[in-house]
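Hi,

Here is the structure I promised to pass on.

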Amino acid sequence: MTKPSLPELLHAAVTAVGGTERPGQVSMAETVAEVIDDGSHLLVQAGTGTGKSLGYLVPALAHGERVVVATATLALQRQLAERDLPRTVEALHPLLRRRPQFAMLKGRSNYLCLHRLHEGVPQEEEEGLFDQFEAAAPTSKLGQDLLRMRDWADETETGDRDDLAPGVSDRAWSQVSVSSRECLGASKCAYGAECFAEAARERAKLAEVVVTNHALLAIDAIEGAPVLPQHEVLIVDEAHELVSRVTGVATGELTPGQVTRAVRRAAKLVNEKAADQLQTASEGFERLMELALPGRLEEIPEDLGYALMALRDAARTVITALGSTRDKSVQDEDAVRKQALASVESIHDVAERITNGSEYDVVWYERHERFGASLRVAPMSVSGLLCEKLFADRSVILTSATLKLGGDFNGVGASLGLAPEGTASEDAPVWKGLDVGSPFDYGKQGILYVAKHLARPGREGTRSDMLDELAELIEAAGGRTLGLFSSMRAAQSAAEELRGRLDTPILLQGEETLGELIKSFAADPQTCLFGTLSLWQGVDVPGASCQLVIMDKIPFPRPDDPLMSARQKAVDEAGGNGFMAVAATHAALLMAQGAGRLVRASGDRGVVAVLDPRLATARYGTYLRASLPDFWYTTDRNQVRRSLAAIDAVAKAADEAKAGDEA
């Protein structure tokens with residue numbers, strides 16, 4: 001029997017999911033197949049509506065070797081595991097003559113821990129464990145969630161937090177889950193044979209396709225101990241998120257509360273001298289943190305250096321003591337000891353990392369209104385780590401709707417440690433970029449309007465001219481507006497001001513769960529939704545409910561952001577342009593994502609309005625505009641008002657016709 005061709009396979013898969021074949025999808029699938037065959041690397045930009053999931057799944061399944069697909073969002077993980085993969089596998093089965101297995105794999109804390117569920121949570125003030133079900137009042141929200149999880153444990157096959165509906169708070173979940181450091185290990189645990197996390201790992205070992213997340217991919221790369229099964233192909237979807245997710249995993253944190261918890265957990269399990277040493281070090285650290293002012297620490301102050309060395313040394317003493325003393329009076333001592341050890345090791349590792357001081361690390365103080373001060377350390381850059389760990393021994397395909405910034409892939413490539421496209425280098429692997437475009441006609445479906453007449457946004461103070469412009473645009477559009485703001489304060493003040501001026505309902509992020517807000521926004525075309533970061537990337541509302549996307553200003557990182565400003569300075573000192581490499585790239589990525597909220601289907605029409613004149617007047621404006629979809633561009637405010645009113649009139653007429661048909 002002849003081997004089925006890629007177009008045949010793709011056609012079968014697209015038909016099975018009820019989709020339409022797109023030229024961009026075909027081009028993507030063919031290039032992915034070539035890259036997998038020759039073991040090279042690819043960055044591929046595939047616009048909304050291309051069908052990029054099938055563009056990489058079909059050639060990966062046809063190849064027949066194990067593939068890991070890493071995504072950033074829960075929504076895409078679920079779409080792959082529950083919709084795209086089952087249908088694609090079934091559709092390809094008659095052609096491939098095999099039915100590839102697939103599995104989902106996440107970090108251990110995402111799975112219910114049966115030991116913690118049945119034996120209780122290690123208690124911090126007393127010896128042993130306590131029964132969290134008895135401790136929580138059955139009438140409280142926490143108590144109800146815990147009882148519901150106990151029932152769910154008997155019926156769930158996966159123990160995966162994301163399969164629990166409705167979901168529970170982080171506080172409730174922490175009562176029934178453990179981190180990898182706290183886990184006793186399957187061989188030592190009474191519930192090891194039934195463990196959900198271990199079962200997920202076993203399924204992954206047998207699967208041809210393993211769906212995971214960026215965080216687990218980062219842990220696999222950073223910690224050296226393999227978490228993911230051996231694989232020949234790695235596909236990173238939503239790849240524009242990868243650098244920030246890896247940075248998050250590689251960031252360490254120390255807080256007084258965290259240190260106090262570790263002292264309490266270890267106190268009963270070690271000799272008095274070791275416990276006192278950690279207690280004294282903890283008090284010294286806490287006193288210092290009370291005086292901590294937010295900002296980067298280019299050098300570690302002497303008093304902080306001493307406090308960290310005291311913490312590190314005391315933690316090391318406790319770790320040694322935890323290994324040698326046993327106390328049979330402590331109920332389920334192994335679990336209590338493991339949690340104590342995990343807490344103290346975490347403190348030791350961060351204190352030692354900051355004390356050792358690396359030119360490649362950035363250290364800063366942060367202050368949070370609710371949680372107080374924290375000391376944080378993050379890598380200046382993760383590009384070297386990614387280049388070394390990501391691209392070795394496997395073919396890597398990175399894809400997203402936004403990878404091409406300023407007209408090429410080199411900005412994103414540099415953040416991954418790659419040399420410019422087409423450049424041969426001993427240290428960096430060879431790769432190629434591919435832009436398969438979009439099935440949408442952006443020039444006819446959307447307008448990019450820059451409010452060139454407005455004053456430049458200042459760092460502080462209200463922008464009354466911007467609020468006037470915003471109100472007029474919303475009125476012209478008849479509502480239907482997604483407002484993307486550069487800060488939560490800006491979103492709140494705009495919502496407050498415009499609720500007093502307009503009859504249009506305005507929803508505000510934080511006043512309800514994100515899912516509920518998006519549902520309400522989609523259901524009522526007259527409504528506006530205002531918010532910040534997660535709305536720039538997480539909203540998919542096709543149709544007439546979202547015909548105007550507003551950006552209040554170019555979303556550069558805050559000048560006082562310690563990590564971003566340190567990265568910018570490092571590029572400048574190396575002879576590069578730090579502003580363009582860091583701040584402008586950050587803004588371009590967010591703006592490309594934000595502008596992508598407008599056109600989600602072939603019938604969508606609307607305007608992306610940027611209320612920041614710098615996009616039209618500043619030199620970097622050209623680079624930022626080149627990163628956005630190819631909308632028709634204007635700075636004419638009257639033209640935009642007429643266009644919005646016309647789009648609104650068409651949408652209203654369609655609504656009336658639909659209502660008439662239903663009547």
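Below is what turned up, going from the whole chain down to single residues.

A word on the ground rules: this is a predicted model, so local features need pLDDT of at least 70 and side-chain atom pairs count only at pLDDT 80 or more, while totals for chains, interfaces and linings use all residues. Residues are numbered from 1 along each chain as its sequence is written, and side-chain values use heavy atoms, with hydrogens and water left out.

**The whole chain**

The chain has 27 helices and 20 strands, which are DSSP runs numbered from the N terminus (H or I over at least four residues for helices, E over at least two for strands). Its C-alpha atoms fill a box of roughly 75 × 70 × 65 Å along the principal axes. Buried residues make up 51% of the chain, where buried means under 20% relative accessible area, exposed over 50% and partly exposed in between (1.4 Å probe, protein chains only). Of the contacts (heavy atoms within 4.5 Å) between residues at least 6 apart in sequence, 76% join residues at least 24 apart.

In soluble globular proteins, nonpolar side chains tend to be buried together. The largest nonpolar core here has 90 residues, and L398 and L416 have the most contacts inside it. Helix α24 (residues 578-595) gives the most to this core, with seven residues. A core in this sense is a set of buried Ala, Val, Leu, Ile, Met, Phe, Trp, Tyr and Cys residues joined through side-chain atoms within 4.5 Å. Beyond its neighbours within four places in sequence, L416 touches residues including L43, L242, F391 and L398. Another core, of 38 residues, lies apart from that one, with A29, V32, V89 and I235 among its members.

**The largest cavity**

How much volume does the largest cavity have? About 260 Å³. A cavity is a set of points on a 1 Å grid over the protein atoms alone where a 1.4 Å probe fits but cannot get out, and lining residues have an atom within 4 Å of a point. Grid points are joined across faces, edges and corners, and the volume is the space filled by probe spheres set on them. The lining has 24 residues, with C113, H115, V178, C183 and L184 nearest the centre. Its largest share, three residues, comes from α5.

**A few single residues**

Most residues other than glycine have a negative phi, and most peptide bonds are trans. A cis peptide bond joins A165 and P166, with omega about -5 degrees; P166 sits in the loop between α7 (141-155) and α8 (170-174).

R97 is not a glycine, yet has a positive phi of about 65 degrees. Its place is the loop between α4 (74-96) and β3 (102-104). Is R97 buried or exposed? R97 is exposed, at 62% relative accessible area.

E238 also has a positive phi, near 50 degrees, and lies in the loop between β7 (233-236) and α11 (242-249). E238 is buried, with a relative accessible area of 13%.

Enjoy browsing!

Conventions. On a 1 Å grid over the protein atoms alone, a cavity is a set of points where a 1.4 Å probe fits but cannot get out, and a pocket is an open set with protein on both sides within 12 Å along at least five of seven lines; lining residues have an atom within 4 Å of a point.
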